[in-house]
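Trainee: I'd like to go through this one and check what each label rests on. Can we take it term by term?

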Amino acid sequence: MRWRGNVTPEALYYLAGVTYNPDSVTIYASRAKLDSIHEVYTESLHYSDFHDTLTINAQLAKLPGVKIVPQQVRISFITDVLTEESINDVPIVGINLPPGKVLRAFPAKVTVKFVSGVKTLRSLSPSDFLVVADYNEIIKNPSQTCCPISLQKVPEGVSRVTLIPTQVDYLLEEQAAP
């Protein structure tokens, strides 16, 4: 089930989630029609400039030759305040290193700057992000003393993510065999 239309909270807010009650419906139709239906949509919804959770009763869009039970659902549009934040001390992890090689990055930890909701922000920690230095990228320019870093994992509810810095100095060390 999905809502259709334009639902936009006030500036500085965003939709943090949408819940449906009930969360599913039963549809009755011919086998051919049933095989072609992947989702059921609401009739077009148009709401704007709200900042608290908005709960509405929405009619489901009619489909020719199809009976939908129930024909109405209760939808809650959950809002949160947008905020720009940063998390310090996110470690850099070396990936795709051949056996016996160790990557030492300088600095070894970076700052991740992002936009999220206040509720999301409260639960975030450095371990929710994965910043990597890829050996395959490093060997493309072996004469350089710095390498690019990138984000491999970003938690849900986080957007517009940037790294500070975007590249780091590094050393590749041979690890002694045991």
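Predicted model: local features only at pLDDT ≥ 70, side-chain atom pairs only at ≥ 80, totals over all residues.

Trainee: Which element has the lowest mean pLDDT, and which the highest?

Mentor: Helix α2 (residues 118-122) is lowest at 88, and strand β5 (residues 54-59) is highest at 97. Both are DSSP runs, numbered from the N terminus: helices are H or I with at least four residues, strands E with at least two.

Trainee: What makes β11 and β14 a pair?

Mentor: Pairing takes at least two DSSP bridges. β11 and β14 (residues 167-174) have three, in the antiparallel sense, so they count as a pair. Pro148 stands opposite Gln167 in β14.

Trainee: And why are β8 and β11 at the edges?

Mentor: The open sheet runs β8-β14-β11, with antiparallel pairing. β8 (101-106) and β11 (146-148) each have a single partner strand, so one side of each lacks a neighbour in the sheet.

Trainee: What is in the largest nonpolar core?

Mentor: It has 19 residues, and Ile92, Val110, Val131 and Ile149 have the most contacts inside it. Such a core is a set of buried (under 20% relative accessible area, 1.4 Å probe, protein chains only) Ala, Val, Leu, Ile, Met, Phe, Trp, Tyr and Cys residues joined through side-chain atoms within 4.5 Å.

Technical notes:
Residues numbered from 1 in each chain as written. Heavy atoms only, no water. Buried < 20%, exposed > 50% of the residue type's maximum accessible area, 1.4 Å probe, protein only. pLDDT = per-residue confidence, 0-100.
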